[in-house]
Amino acid sequence: MNDEAHQHIVIIGPAYPLRGGIANFNEAFANALTKEGHTVKLFSFYYQYPNFLFPGKSQYENNENPPENLQIKNTIGSIQPWSWSKTARLIDQEKPDVVFIRFWLPFMGPALGNIAKRLRRKEIKVIGITDNVIPHEKRPGDKPLTKYFLSHCDGFITMSKSVLEDISLFTDNPQKIMLPHPVYDTFGEACTREEGCAKLQLDPSRKYLLFFGLIREYKGLDIAIEALSMVNDQNVHLIIAGEFYDKKEKYISLIEQLGLKGRIHLYDFYIPTEDVKYYFSVADSVIQPYKSATQSGITQVAYHFEVPMIVSDVGGLPEIVPHGLAGIVVPPSTEEFASAIKLFYEKELKTRFIEGVRSEKKQYEWDFFVSEALHFAKQVD
């Protein structure tokens, strides 16, 4: 590898015009590397998901302006093998010091694994950044597809201890490290609570919990709704902000059944990057009653906006949200979350937890992630 003061780095994974947390991360990672003086190119998809794997309305950003100062090449078709060899050839021409490949879904195993295999034949170092190796929503063939990708990486970076341990189920490669998911810094600064309430047409006299992000069954929105019904303080409301990737009707039915229509505010669409600040600036706490988890980008958005959290004690969430310091950690049950919400408001914990969030936030800076990732990559054989 070249001198660490300047490296030529390639990141493979979703990026503009694709949308979502993984694309946001990859772009933020590229920006952080660029700020450190490295040359970075992103190789993304021109075709990502078939419809049966993408239940949302669109895979693309509404914003027509690509991110500034980023070099993005959309060369990969997830089910088009000729694009894999082309992408590997283009990357080889770049002569990178290291390639980071983002892996989050077994379906991507053949494409990303094939590209990794071709790059390693050219003696290019490949590091997998693995969000999940065991998916939340399982399908036939998951294990061999995941194993195929992992078998063609030189080393691995995970963002939770649980995923670090899961890798050993697929490969005996010991070259792996856990680095905390950095704080997202792509959403701008917080606005005032009053400005946020005005934008979202909310009553500023209310207390607001925030359930944010794409809505899937494993994220436990039903727990959040049922927990709210057990909180007698009628001034406590729940904001649900995100596109449904699960059946919306069952949640609407639950809200009506529990008589909560007046206490729940639904924004059932993908939240544009420029509007994220309004939701977090209004929230007293972000609520994540996940039934299973690895790490969550939402916690890092909460850290960015300095909002306390109430989260499940599953996967990597307790590692990221210290109980009693940055928020409350409880088992993923209706009763436990209802008790946590009551405690949060009755003991007026918001101010204390904000101080804890500010303290914890310091360890999730991008410069630490970049430094450790590059150091690890250099040590990998």
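A residue is counted as buried when its relative accessible area is under 20%. By this criterion, in the predicted model described here, 5 of the 6 residues of strand S8 (residues 207-212) are buried, so the strand is largely enclosed by the rest of the structure.

Strand S8 belongs to an open sheet of 6 strands, arranged in the order S10-S9-S8-S11-S12-S13 with parallel pairing. The edges of the sheet are formed by strand S10 (264-267) and strand S13 (327-330), each of which pairs on one side only. From one strand to the next, the twist averages 20°. Helix H10 (residues 297-305) packs on this sheet, where it touches S8, S11 and strand S12 (309-312). The direction of helix H10 makes about 175° with that of S11.

Within the sheet, the pairing of S8 was examined on both sides. Strands of a sheet pair through backbone hydrogen bonds, in either a parallel or an antiparallel manner. With strand S9 (residues 236-241), S8 pairs in the parallel sense over 6 bridges. In this pairing, tyrosine 208 has histidine 237 of S9 as its bridge partner, and leucine 210 stands opposite isoleucine 239 of S9. With strand S11 (residues 285-288), S8 likewise pairs in the parallel sense, over 2 bridges. Here leucine 210 stands opposite valine 286 of S11.

Conventions:
Residues are numbered from 1 along each chain as its sequence is written. This is a predicted model: local features need pLDDT of at least 70, side-chain atom pairs count only at pLDDT 80 or more; totals for chains, interfaces and linings use all residues. Side-chain values use heavy atoms; hydrogens and water are left out. Buried means under 20% relative accessible area, exposed over 50%, partly exposed in between (1.4 Å probe, protein chains only). Helices (H or I, at least four residues) and strands (E, at least two) are DSSP runs, numbered from the N terminus. Two strands pair if DSSP finds at least two bridges between them. Axes are lines fitted to C-alpha atoms, for helices over the stretch in contact, and angles run from 0 to 180 degrees between N-to-C directions. Contact means heavy atoms within 4.5 Å.
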